[in-house]
Amino acid sequence: MWPETGHMALIMAAWVAVLQSVLPLWGSLSARRAGWQTLARPLAVLQLALIVLAFGALWHAFYVHDFSVKYVAHHSNTLLPTPYRLSAIWAGHEGSLLLWVLMLALWSVAVATFSKRLPQALVAQVLGVMGAVSVGFLVFILTLSNPFARQFPAPSEGRDLTPLLQDPGLVIHPPMLYMGYVGLSVAFAFAMAALLSGRIDAAWARWARPWTVAAWGFLTLGIALGSWWAYYELGWGGWWFWDPVENASLMPWLVATALIHSLMVTDKRGQFKAWTVLLAIGAFSLSLLGTFLVRSGVLTSVHAFATDPGRGVFILLFLVVVVGVSLALFAWRAPQWANASQPVAGSRESFLLLNSVLLVVAMAAVLLGTLYPLIIDALNLGKLSVGPPYFDRVFVPLMVPLLLAMVPGTVVPWHVARWAAVRSVLVPGALALLLASAWATWGGAPMAEGSTTTAGGWLTVMGGTLGGWIVLSGAWQIVQRLRLPGSPGLAWWGMQVAHLGVAVLVLGITGVKSFQVERDVRLGLGDSVTVAGVRYQLISVDNHLGPNYLALRAQMKVFEGEPGDEREVGTLRPEKRRYVSSAMPMTEAAIDRNLWRDRYVSLGEPLAGEPPQWSFRVYHKPFVSWTWLGAVFMVLGGGLAAFDRRYRQAPSPVGAHGAQADKTMGLGASGLRAAALVAAAKGAAVKGAVS
C-alpha cells in the first residue's frame with residue numbers, strides 16, 4: 001500500500017499548503033487575526049514531512065520494482081542499476097514535479113528556520129506566498145500528473161530508464177537545477193510580501209539577498225552540471241548548444257544575476273526599489289516559463305519531457321495567474337517608489353544599473369530566439385530554426401560591454417563619480433591586453449597534421465583581455481584591501497571569487513573557441529591520425545557486455561613526440577552502446593583531461609568495405625575545463641556571500657542611506673586612502689565596510 005500512502009500524503013500536503021497560503025497571510029493583513037501569523041512555520045514543516053513521505057513512497061516503488069505503478073513501469077526495469085532507480089524518480093514528468101514540490105517545501109522550511117530575526121509579519125507573508133505556489137503545483141500533480149497511478153494487470157517488466165539519463169551526472173544535475181529554479185520562489189515571495197505591505201527598504205533588501213544568492217548558486221551549479229553532462233555524454237564535443245531547454249535555465253539565471261546586483265543597490269543606497277521587485281517577479285516567472293517549455297510538448301530536445309499539451313496548458317494558466325497577480329500588485333504599489341533618487345553617472349550604482357539592464361536585454365535576446373520559432377509554427381507560417389549563429393551574433397556582443405563595466409563597477413565608490421578609481425585599474429587592463437596578444441600569437445596548437453598555423457585573432461585578444469583584466473584587477477583590489485585595518489566581510493570575498501569565476505569562464509570559452517581542433521576520420525585496425533601534434537592509433541574494436549546494454553568498444557593508443565621519438569601517453573576507449581530494452585544507440589566518448597586541454601574521441605558507426613573501418617571524431621580542446629572551473633568559482637563565491645553574517649542583522653540608518661563609510665567603498669586609490677583616514681579618525685576598524 002505504499003503508493004496509496006504516498007498519494008494520500010500528497011492530498012494532505014495540498015490541504016496543508018492551502019492553510020499555509022491563507023491563514024498566515026490573513027493574519028499579517030488583519031490586526032484581529034495577528035496570531036495566525038505564527039502558524040506559518042509549523043505548517044511549512046508539516047507540508048515538508050508529508051511530501052517527504054510521498055517521495056519516499058515513490059522511491060520504494062522503484063526499489064522493489066512495483067510495475068503496477070504506471071510511472072515506475074515507464075521509467076525502470078529489473079536490469080536498471082540501483083543508483084539509477086533513484087534518478088529515475090525525476091526522469092519523467094510526474095516524478096520531476098514531485099521533486100519540484102519537495103524542493104519548494106525544503107526552501108519553505110529553510111526560510112522558517114533561518115529567519116528567526118525577521119519580523120513575524122514578513123515571515124508569514126513570505127511563507128504564505130510560497131504556500132500558494134505549492135498549492136498550484138500540488139493541484140497539478142493530483143489532477144493531471146499523479147506519479148502513483150496504478151495499472152492492472154501489472155507488466156512483468158518495465159520499459160527501462162531512457163539511456164540518456166543512465167549517467168551519474170543525471171543523478172545530481174536535476175536536483176541542483178531544481179533547487180535553483182525553485183529557490184527563486186523565495187525572492188519572488190519576498191517581492192510579493194513587499195508589494196502586500198508596501199514596504200521596501202534596506203532591511204527588506206538585506207534579508208532577501210542571501211536567499212537570492214543561494215538560489216542563484218544552485219542554479220549556476222545545475223546549469224554547469226547539465227553542460228558538463230552534455231559534453232561528455234552526447235558525443236558531439238560541445239559544452240553549450242543553445243538548445244531551447246538549455247535556454248530555459250539560462251534566462252532565469254541572467255535575471256537572477258541582475259537581481260542580486262539590484263538588491264545590493266537597494267540595500268546600500270535605497271534605490272532601484274521598483275526595478276528590484278520587477279526583477280524578482282521576472283526571475284521566478286521565467287523559471288515557470290521554463291517548466292512550461294519543457295513539459296508542454298512544444299519543444300523537441302533531449303532534455304524535454306515527452307508529455308501531452310493538456311498538461312502544458314495548466315502550467316501556462318498557472319504562469320498567467322502568477323504573472324498577472326504579481327504585476328497587478330506591482331502596478332498598484334510602484335507609483336509610491338517613483339520619486340526615489342537617481343544614481344549619479346559614474347558611481348557604483350550607475351555601473352550596477354548598466355550591468356543589470358544589459359543582463360535583462362541579453363535575456364530578452366535569448367527569449368526571442370527561443371520563442372520565435374514556436375510563434376512562427378503556431379501561426380502556420382512555416383518551420384524556422386534558430387541556432388547557435390543567431391545567439392553568437394546577438395548574445396555575445398551584449399556580454400562585451402557587460403564585462404567591460406564589471407571592473408569599474410567594483411572600484412568606484414557609491415553615490416559619487418570618481419574616475420581616478422577607474423584609472424587605477426587601467427594598468428591591469430593594459431597588462432591583460434599584452435598577455436592576451438601573446439596568447440593569440442603563440443597559444444594555439446597546430447591545426448592539423450603537418451600544419452604550423454594557429455587559431456586566434458582579434459576575438460582571442462578581446463576575450464583574453466576581458467578575462468585577464470577581471471583577474472588582474474581583482475588581485476590588485478585584494479592586495480589594496482588587505483592593507484586596510486580590519487577584514488572585509490564574506491560578501492566582499494564572495495564578490496571577488498564569483499568575478500574570478502566569470503573571468504575563468506570567459507578565458508575558457510575564448511581558449512576553446514580559438515584553438516579547438518576537430519577531425520572527422522575513418523580508421524581501420526592499425527590506422528592512425530595526428531591531431532594537434534598528438535597521434536591516435538586504433539588498436540582494436542571489440543564487443544563489450546554492460547549491465548543492461550551491449551557495446552562496441554574501441555581501443556586507441558595515444559602518442560606524443562616527433563616521429564621516431566614518440567612515447568605512449570595513454571589509452572582511450574570510446575564506446576557505441578545499444579541498450580537491451582530500447583535498442584537505442586548511445587555514444588560514450590573517451591576523454592583524456594587535464595587543466596589545460598581535453599583529448600576527446602567519439603566512436604561512430606561501422607563503415608562498409610574491406611578491410612573493416614569505423615568513423616571517429618577526434619578533438620583537441622584547449623581550456624575547455626575552465627568553463628566548468630569558472631562555474632565552480634561562481635558557486636563558491638555565491639556560497640561565501642550567502643553566509644555573510646551582516647545579512648542576518650538589521651541595517652543601520654548609515655547603511656541604508658549611504659554615509660561616509662559607503663562613499664569610500666570603492667577600491668580605487670583615492671577611495672582606499674579615504675577609507676583608511678576615516679577608520680583612523682574614528683578609532684574603529686572598517687570591518688565589514690566593503691560590500
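Visitor: Which helix lies across β8, β9 and β10?
Guide: In this predicted model, where local features need pLDDT of at least 70, side-chain atom pairs count only at pLDDT 80 or more and totals for chains, interfaces and linings use all residues, that is helix α8 (residues 202-233), running at about 120 degrees to β8. Helices (H or I, at least four residues) and strands (E, at least two) are DSSP runs numbered from the N terminus, and angles run from 0 to 180 degrees between the N-to-C directions of axes fitted to C-alpha atoms, for helices over the stretch in contact. Residues are numbered from 1 along each chain as its sequence is written, and side-chain values use heavy atoms, with hydrogens and water left out.

Visitor: What's the strand order in the sheet?
Guide: The four strands form an open sheet in the order β1-β10-β9-β8, with antiparallel pairing, where a pair requires at least two DSSP bridges between the strands.

Visitor: And which strands stand at the edges?
Guide: Those are β1 (517-524) and β8 (590-593), each with a single partner strand, so one side of each is left without a neighbour in the sheet.

Visitor: How many bridges join β1 and β10?
Guide: They pair over eight bridges, and the bridge partner of R519 in β10 is V618.

Visitor: Switching topic, which residues touch the most other members of the largest nonpolar core?
Guide: Among its 172 residues, they are M130 and F190; such a core is a set of buried (under 20% relative accessible area, 1.4 Å probe, protein chains only) Ala, Val, Leu, Ile, Met, Phe, Trp, Tyr and Cys residues joined through side-chain atoms within 4.5 Å.

Visitor: Which helix gives the most to this core?
Guide: Helix α7 (residues 168-197) does, with 18 residues.

Technical notes. Contact means heavy atoms within 4.5 Å. Buried means under 20% relative accessible area, exposed over 50%, partly exposed in between (1.4 Å probe, protein chains only).
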